[in-house]
Amino acid sequence: MTTSGRVAIITGAGSGIGKRTALLLLAEGYAVALAGRRLDRLEETAAESGAGARALVVQTDVTDPAAVDNLFDRTIEAFGRLDLLFNNAGRGAPRADFDEISYEDWKSVVDVNLTGVFLCSQRAFRIMKNQTPQGGRIINNGSISAHTPRPNSAPYTSTKHAITGLTKSTSLDGRAYNICCGQIDIGNAATEMTARMRSGIPQANGSVMVEPNMDSDGVAQTILYMDSLPLDTNVLTLTVMANQMPYVGRG
């Protein structure tokens, strides 16, 4: 399957993994709708790509159904179809003992990390089901936290476990319409969100240690690989991680 001329939507495209993935896909000839809350960061991504009209900037709050509708409507108006949705937007909550997690922090993480992914996936599913040729691919940003939690991270960990269920349900329900859905579980990609790892973060045994990072361009290459496969092939789950991070083993 060639990738040039394909159409993608990337949420959280103004920084980190979303930005690196957007720049790579645009360099490969995709048309990409860049979605996120910070308009200035989205515009920076578009300008850096040099892709001109193939980079569509749409300021979007994925927790707002009307904003999500606007994102998908503008993408179809500009490009005519949708081949790939990368559900990348996400957030964490301040570290806190389980009994001190506020309702507001819990809800804000669930709204972005789970409800936002559902809203975007539902719109993408509807488009992919009804377009010609039928089908497309949805890739959800899970996390290694979809398998193993960090201390004091119940809101984030819960949503990432839930993404696994949503991914499997979307994959199953999409079979009849040539829609593939997979999950990429990322560990310690170097982004603004993981910068604190360089000064040390708490471990399950109570210690604090510096954790290695990996270049986030490796994640972008993995997204490109997943979407380069024909639609009779789905990568349901894939883990890409810093090789020396303390994930595989006892802690």
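The structure is a predicted model, in which local features need pLDDT of at least 70 and side-chain atom pairs count only at pLDDT 80 or more, while totals for chains, interfaces and linings use all residues. Residues are numbered from 1 along each chain as its sequence is written, and side-chain values use heavy atoms, with hydrogens and water left out.

Two packed helices are described by the angle between their axes and the distance between the axes. Helices (H or I, at least four residues) and strands (E, at least two) are DSSP runs numbered from the N terminus; axes are lines fitted to C-alpha atoms, for helices over the stretch in contact, and angles run from 0 to 180 degrees between N-to-C directions. Helix H1 (residues 16-27) packs on helix H6 (residues 217-228) at an angle of about 55 degrees, the axes being 8 Å apart. H1 and H6 are therefore oblique to each other, given that angles under 35 degrees count as roughly parallel, over 145 as roughly antiparallel, 65 to 115 as roughly perpendicular and the rest as oblique. H1 passes H6 in a right-handed crossing (right-handed if the near helix is turned clockwise from the far one by less than a right angle, left-handed if anticlockwise). Contact, defined as heavy atoms within 4.5 Å, is made by Ile17, Arg20, Thr21, Leu24 and Leu25 of H1 and by Asp217, Val219, Ala220, Gln221, Ile223 and Leu224 of H6. By class, this contact of H1 with H6 has seven nonpolar, two polar and two charged residues, where Ala, Val, Leu, Ile, Met, Phe, Trp, Tyr, Cys and Pro count as nonpolar, Asp, Glu, Lys and Arg as charged, and the others, Gly among them, as polar.

H1 also packs on helix H2 (residues 39-49), at an angle of about 30 degrees and with the axes 10 Å apart, which makes H1 roughly parallel to H2. The crossing of H1 and H2 is right-handed, and the contact involves Lys19, Arg20, Ala22, Leu23 and Leu26 of H1 together with Thr45, Glu48 and Ser49 of H2. In this contact of H1 with H2, three residues are nonpolar, two polar and three charged.

For H4 and H5, the packing angle is about 15 degrees and the axes lie 9 Å apart; H4 and H5 are therefore roughly parallel to each other, and their crossing is right-handed. Among the H4 residues that meet H5 are Trp106, Leu114, Val117, Phe118 and Phe125, and the H5 residues include Tyr156, Ile163, Leu166, Thr170 and Asp173. The contact of H4 with H5 comprises 13 nonpolar, five polar and two charged residues.

Rolling a probe the size of a water molecule over the atoms shows where empty space is left. On a 1 Å grid over the protein atoms alone, a cavity is a set of points where a 1.4 Å probe fits but cannot get out, a pocket is an open set with protein on both sides within 12 Å along at least five of seven lines, and lining residues have an atom within 4 Å of a point. Grid points are joined across faces, edges and corners, and a volume is the space filled by probe spheres set on the points. The second largest pocket has a volume of about 180 Å³, and its lining includes Phe118, Phe125, Arg126, Lys129, Leu166, Thr170 and Asp173. Helix H4 (103-130) and helix H5 (154-174) are the elements that give two or more residues to this lining, the largest share, seven residues, coming from H4. The lining of this pocket divides into three nonpolar, five polar and three charged residues.

The count comes to one cavity of 30 Å³ or more, and about 40 Å³ of space lies in the largest cavity. Its lining consists of Thr11, Val62, Asn87, Asn88, Ala89, Val112, Gly116, Val117 and Cys120, with the largest share, four residues, from H4. This lining has five nonpolar, four polar and no charged residues.

Most residues other than glycine have a negative phi, and most peptide bonds are trans. The peptide bond from Thr132 to Pro133 is cis, with omega near -5 degrees, and Pro133 lies in the loop between H4 and strand E5 (136-141). Asn152, although not a glycine, has a positive phi of about 60 degrees, and Asn152 is located in the loop between E5 and H5.
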